[in-house]
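This briefing is meant for someone meeting the structure for the first time.

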Amino acid sequence: MKRLFLCVVLMGAAVAQQQDSITLDPAAMSEVWAQVTGGKQSPGVSPILQLNPAAVPSNPEWRALFQEARQAVNTATFPVLVLSLLQQLNPQLPMDKNVWAYAAALELHRLAFSGNARAQAELAAALRSGKLSGLNYFADEALAASLTPQVGMPSGASE
């Protein structure tokens, strides 16, 4: 019993000394992986699990679904298109267990595609950050820019 207690105390002290060495930086994790595996390359990080979603290029299928949903905002297929996109981006978050997150994301798309400036800004931010209503989202700067209303010069400012 004394050995077990001593082992727990020593491991706790070792962990306490090493706490500042924990990192979530993908480059640092790859370097550590190479050290642990004797120089073998890291197996790679899934786009769904990647820490910086903005680094994930936009998948043409996601972009096409986004554009199709945008054009179909007032049709019966709109929710199916948006929910299909969201499920592809979130296989680890099933819709039946995350109803409110999916519902919020669906409503945000509906409002943004209907011209609501606040919803457009929020959806544009999601396209830049890779996060939307607690769900993963894809990053696409061109789509984000297309949602951002172009602000014209106020009248009289051209003088």
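How many residues does H4 have, and how far does H4 reach from its first C-alpha to its last? H4 has 12 residues and reaches 17 Å between those two atoms, close to the 16 Å expected at 1.5 Å a residue, where the expected span of a helix is 1.5 Å times one less than its number of residues. This is a predicted model, in which local features need pLDDT of at least 70 and side-chain atom pairs count only at pLDDT 80 or more, while totals for chains, interfaces and linings use all residues. Residues are numbered from 1 along each chain as its sequence is written, and side-chain values use heavy atoms, with hydrogens and water left out.

**Confidence**
- The protein chain averages a pLDDT (the predictor's confidence in each residue, from 0 to 100) of 75, and 57% of the residues score at least 70.
- Confidence is lowest in helix H1, residues 2-18, with a mean of 52, whereas it is highest in helix H5, residues 99-113, at 96.
- Over residues 15-23 the pLDDT stays under 50, and the model has two contacts (heavy atoms within 4.5 Å) for this stretch beyond four places in sequence.
- Residues 150-159 also have a pLDDT below 50, with two contacts in the model beyond near neighbours in sequence.

**Overall make-up**
- The protein chain has seven helices and two strands, which are DSSP runs numbered from the N terminus (helices: H or I, at least four residues; strands: E, at least two).
- Along the sequence, these elements follow the pattern α-α-α-α-α-α-β-β-α.
- Of the 159 residues of the protein chain, 26% count as buried, where buried means under 20% relative accessible area, exposed over 50% and partly exposed in between, with a 1.4 Å probe and protein chains only.
- Among contacts between residues at least 6 apart in sequence, 54% join residues at least 24 apart.

**Helix H3 (residues 60-71)**
- H3 has 12 residues and spans 16 Å from its first C-alpha to its last, close to the 16 Å expected at 1.5 Å a residue.
- Trp-62, Leu-65, Phe-66 and Ala-69 are the buried residues of H3; they lie on the same side of H3 because they cover an arc of only 100° around the axis, taken from the directions from the helix axis to the C-beta atoms.
- Pro-60 and Gln-71, on the other side of H3, are exposed.
- The buried residues of H3 pack against helix H4 (78-89), H5, helix H6 (117-129) and helix H7 (141-147).
- At the start of H3, a side-chain oxygen of Asn-59 comes to within 2.7 Å of the backbone nitrogen of Glu-61.

**Helix H4 and its partners**
- The buried residues in H4 include Phe-78, Leu-81, Val-82 and Leu-89.
- Buried residues of H4 pack against H3, H5, E1 and strand E2 (135-136).

**Two buried loop residues**
- Gly-130 lies in the loop between H6 and strand E1 (131-132) and is buried, with a relative accessible area of 0%.
- The C-alpha atoms of Gly-130 and Leu-89 are separated by 9.9 Å, although the two residues are 41 residues apart along the chain.
- Asp-140 lies in the loop between E2 and H7 and is buried, with a relative accessible area of 6%.
- A polar atom of the side chain of Asp-140 lies 3.1 Å from the backbone nitrogen of Ala-142.

Technical notes. A polar contact is a pair of N or O atoms within 3.5 Å; within protein, one must be able to donate a hydrogen and the other to accept it, and residues adjacent in sequence count only if both atoms are side-chain atoms.
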